[in-house]
Amino acid sequence: MPEELLSPREIRRYSRQIMVPEIGQAGQEKLKKARIAVVGAGGLGCPVLQYLAAAGIGKLAIIENDFVDEANLQRQVLYGSADIGKLKSIIAKNSIEHLNNFTEVELFNLRLVAANSLRILRDFDIVIDATDNYETRYVINDTCVMMGIPMVHGSIYRYEGQVAVFNYKGGPTYRCFNPWTGRYDLKDPDPGSVGLLGVLPGITGTWMANEAIKIITGTGDVLSGKILVFNILTNLFRVINIRNKPENHVIDTISSTQINNRKNI
């Protein structure tokens, strides 16, 4: 008789989730076998990591090289006052392992760049973009396209959040949504200069985790070919369709030259 994938403790732990008809025990087993890499452990990465670990993802990778700052604590909920000045990656790993010791956590205390992305991301089923850096997003996108795996993307600005899934079953890539401009100084607005309501990254990151769970379990309507935009001040939601451009699915190398000289831009 084959050994059960889920232990009795895991079945008890995830019982409310297993009760959901679209998940069931088969879906929970898929979650346990899943391997997800999360790039960034800041405002978006914290809720993504928390809810994926709580859901029972078998393996999570944390890719982050920043330190905890006191101004982070208003929204980066994996960290506390005693963590100021410490590496986010190590604190996040400890927090996730404390949350769910059934989830394996792999740590990459570095910045994801073109030179290391294939080596780091090659063994994962999904890559989650929880970064605030445009250049890194293109590296994530191009790596995912080369490896044929989905990229879950999120971004935030003041009261507005965006969530999308790229490179899913031949769907649009991040380059289809946001073509490269040739600038390397682009970054999401700094909360220190524009302000940010702390719950926004929590809501956005939780939605990103939900998209990853749907992809793994094969349930629901995945945000592929569209981007969800919502405003937590006005409660307005809209979905923007993204046109798929076949030329964005042909990527041979990941480098600054490749980023700068794509023919379709």
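Valine 152 has valine 165 in β6 as its bridge partner. Strands here are DSSP E runs of at least two residues, helices are H or I runs of at least four, and both are numbered from the N terminus. The model is predicted: local features need pLDDT of at least 70, side-chain atom pairs count only at pLDDT 80 or more, and totals for chains, interfaces and linings use all residues. Residues are numbered from 1 along each chain as its sequence is written, and side-chain values use heavy atoms, with hydrogens and water left out.

**The sheet**

Strand β5 (residues 151–157) and β6 form a hairpin with two residues between them. Arginine 158 sits in the turn, with a positive phi of about 50 degrees. Two strands count as paired if DSSP finds at least two bridges between them.

| Strands | Sense | Bridges |
|---|---|---|
| β4 and β5 | parallel | three bridges |
| β5 and β6 | antiparallel | seven bridges |
| β6 and β7 | antiparallel | five bridges |

Strands of a sheet pair through backbone hydrogen bonds, either parallel or antiparallel. Valine 127 stands opposite methionine 151 in β5. Valine 163 stands opposite leucine 228 in β7.

Eight strands form an open sheet with mixed pairing, in the order β3-β2-β1-β4-β5-β6-β7-β8. Its edge strands are β3 (104–108) and β8 (236–241), each pairing on one side only. Neighbouring strands are turned by 15 degrees against each other on average, direction ignored.

Strand β6 (residues 160–166) is largely enclosed by the rest of the structure, because six of its seven residues are buried. Buried means under 20% relative accessible area, exposed means over 50%, and partly exposed lies in between, with a 1.4 Å probe and protein chains only.

**Helix and cores**

Helix α10 (residues 199–217) lies across β1 (35–39), β4, β5, β6, β7 and β8. The helix runs at about 165 degrees to β5. Such angles run from 0 to 180 degrees between N-to-C directions, with axes fitted to C-alpha atoms, for helices over the stretch in contact.

A nonpolar core is a set of buried Ala, Val, Leu, Ile, Met, Phe, Trp, Tyr and Cys residues joined through side-chain atoms within 4.5 Å. The largest has 42 residues, and Ile36, Leu52 and Ile128 touch the most other members. Its largest share, seven residues, comes from α10. Apart from this core lies another, of 25 residues, among them Phe108, Leu121, Tyr138 and Val139.

**Two buried residues**

Phenylalanine 124 lies in the loop between α6 (117–121) and β4 (126–129). Its relative accessibility is 4%, so phenylalanine 124 counts as buried. Its C-alpha atom is separated by 5.0 Å from that of arginine 35, 89 residues apart along the chain. Leaving aside neighbours within four places in sequence, its contacts include Arg35, Ile36 and Lys59. Contact means heavy atoms within 4.5 Å.

Aspartate 142 lies in helix α7 (residues 134–147). At 0% relative accessibility, aspartate 142 counts as buried. Its side chain makes a polar contact with the side chain of arginine 175, at 2.7 Å. A polar contact is a pair of N or O atoms within 3.5 Å; within protein, one must be able to donate a hydrogen and the other to accept it, and residues adjacent in sequence count only if both atoms are side-chain atoms.

**The whole chain**

The chain has eleven helices and eight strands. Of its 265 residues, 50% count as buried.
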